[in-house]
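Here are my notes on this one, as promised.

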There are 2 protein chains.
Amino acid sequence: MSSIRRVRLSPDARREQLLKLGVQMLATRTLDELSVEDLAEEAGISRGLLFHYFRNKQEFHREVVLRAAQQLLKRTDPNPELAPMEQLNRTLENYLDYVTENYSSYSYLIRGSATANVELRQIIEDTRSEMARRVSDNLHLLGLPDDDLSRLAIRGWLAFTEQVAVQWVPDQKVPRERILQMFASSLPALILASHEPQEP
Amino acid sequence: MSSIRRVRLSPDARREQLLKLGVQMLATRTLDELSVEDLAEEAGISRGLLFHYFRNKQEFHREVVLRAAQQLLKRTDPNPELAPMEQLNRTLENYLDYVTENYSSYSYLIRGSATANVELRQIIEDTRSEMARRVSDNLHLLGLPDDDLSRLAIRGWLAFTEQVAVQWVPDQKVPRERILQMFASSLPALILASHEPQEP
C-alpha cells in the first residue's frame, strides 16, 4: 500500500509523487509495460484521477522518461571538487550503477522500440548531448585537445560506453572494475589515437 | 522508365529485380518513405502485381532491409589476401563509403523508428553480430588478445564507429582520412586500454 493514498496532497505534489512512482516502476519494467492502470493501482487512486494530472498516456510516458533522464544526468554530474581523472571515474561508476539498477528501461530506451516515438527520441538525444558537452568541457583538464575531431570521438565514446554497459549488465562475465577501467582509459585512448599523425 | 517493364521475367527474377530496386530507392529515402506505390510505379508494374511477389508491405520492407544488410556485409567483408591492418583499413573505408552513399536509410535504420519493428531490429542486430565476429576472428592477426573483455570492447567499438559515421557524414567538418585513421587506430587503442593492468 503506497503512502500516497493516505495523504491529501496539493495537485503539484500529487503530480510529483506520481512521476516519482512512474520512474521507480520503470526500473523493473519497460515503458511498454508501464500501464496507466498499474500506476493508478500502485498510487491508490482511480485511473480517472490520474488523467487529471496527465492529459494522456503519451504525456505521462514522456514526463516519466524526462524525469528518468534528469536523474541519470544528476547522478552522473561530475563533482568539480575532485581531481579531473577522479571526476571521470566517479561519473563512470555512477553511470554503470545507474544502468545496472535500471537495466530494463534503460536498454529499452536506448535501443528498443521507444525510439519510434519522436518526443522520446529527442529526450534521449538531448541527454546524450548534455553528457557529451560535460566531457568536452573537461577535456582540457585531462590534457586532451578539444576540437571537432575530439567532439566526434566523444560522441562515439558515449555510444561505446552505452553499448558495453548494456551488453555487460545481463551476464557480467567480466568484473565491474574491469569495465570501469575500460571506460576511463578508453576516453583518452580514443582521443589520442584519433589525433595521431597520419600515415602518408 | 525502368528496364524491368520491357522484359518478361520469371517470378524469381522479377522478385529479385524488385528487391534490387527497393534497396536502390532506400539509398535516398527512409523505410517509412519507401511506399509500395512508388516501387510499383518505378518498376512499371501494378500495385496488385507487386503483392504477387510480397505478401504485404511488411514483408517487402523486411526483405529490402535484409538485402541492404547483406550488401553492407558483402562490401565490408575483409579481403584475406591483404595484410591484417590493410584488411581493417579497407573494410573501414568501404564501411564509411557505404554509410555516406546510403545515409538516410542507414541512419534511420540504426537509430530511427525502424527499431520499433522487432523483425527489423533482429536483422540489424544480426548484422552487428556478424561484423563483431569478423573483427574478433582477426584479433590474433593484429596481435591483440581475444577474450571476453575484447569481445565487449569490439561491440563497443562498432557502436563507436556507427555513431561517428552517422554524425560525421552530414557536415564532414573533419577530412574523411582523419575519420578512417580514427576508426583504424581506435580498435587496438580500445582493446589495449581495456587490458591495461588495473590500478590498485
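1. Salt bridges, overall. The count over all chains comes to 38 salt bridges, where a salt bridge is a side-chain nitrogen of Lys or Arg within 4 Å of a carboxyl oxygen of Asp or Glu. Keep in mind that this is a predicted model, so local features need pLDDT of at least 70 and side-chain atom pairs count only at pLDDT 80 or more, while totals for chains, interfaces and linings use all residues. Side-chain values use heavy atoms, with hydrogens and water left out; residues are numbered from 1 along each chain as its sequence is written, and chains are lettered from A and ligands numbered from 1 in the order in which they are written.

2. A:Glu59 with A:Arg15. This pair forms a salt bridge whose closest N and O atoms are 3.4 Å apart. It ties together distant parts of the chain: A:Glu59 belongs to helix H4 (residues 57-75) of chain A and A:Arg15 to helix H1 (residues 11-26), 44 residues apart. Helices here are DSSP runs (H or I, at least four residues), numbered from the N terminus. A:Glu59 counts as buried, at 11% relative accessibility, whereas A:Arg15 is partly exposed at 24%. The cut-offs are under 20% relative accessible area for buried, over 50% for exposed, and partly exposed in between (1.4 Å probe, protein chains only).

3. B:Arg176 and its partners. Another is B:Glu177, where the closest N and O atoms are 3.4 Å apart. On accessibility, B:Asp97 is partly exposed at 22%, B:Arg176 is partly exposed at 25%, and B:Glu177 is partly exposed at 43%.

4. A network in chain A. Worth a look in the viewer: A:Asp77, A:Glu130, A:Arg133, A:Arg134 and A:Asp137 are linked in a network of salt bridges.

5. The interface. How many residues does each chain bring to the contact? Chain B gives 36 residues and chain A gives 36 residues, with contact meaning heavy atoms within 4.5 Å. About 3200 Å² is buried between chain B and chain A, and carbon and sulfur atoms give 66% of that. Buried area is the accessible area (1.4 Å probe) that two parts lose on being put together, summed over both. B:Leu152, B:Arg178 and B:Gln198 supply 18% of what chain B buries against chain A, more than any other three residues.

6. Polar pairing and make-up of the interface. The salt-bridge rule finds 0 across chain B and chain A, but 8 residue pairs are in polar contact (both at pLDDT 80 or more). That term means a pair of N or O atoms within 3.5 Å; within protein, one must be able to donate a hydrogen and the other to accept it, and residues adjacent in sequence count only if both atoms are side-chain atoms. On the side of chain B that touches chain A, helix H8 (148-171) and helix H9 (176-194) of chain B each supply at least two residues. H8(B) gives the most, with 13 residues.

7. Backbone check. Most residues other than glycine have a negative phi. A:Gln172, which is not a glycine, has a positive phi of about 45°; its place is the loop between helix H8 (148-171) and helix H9 (176-194) of chain A. B:Gln172 also has a positive phi, near 45°, and sits in the loop between H8 and H9 of chain B. A:Gln172 is partly exposed at 38%, and B:Gln172 is partly exposed at 38%.
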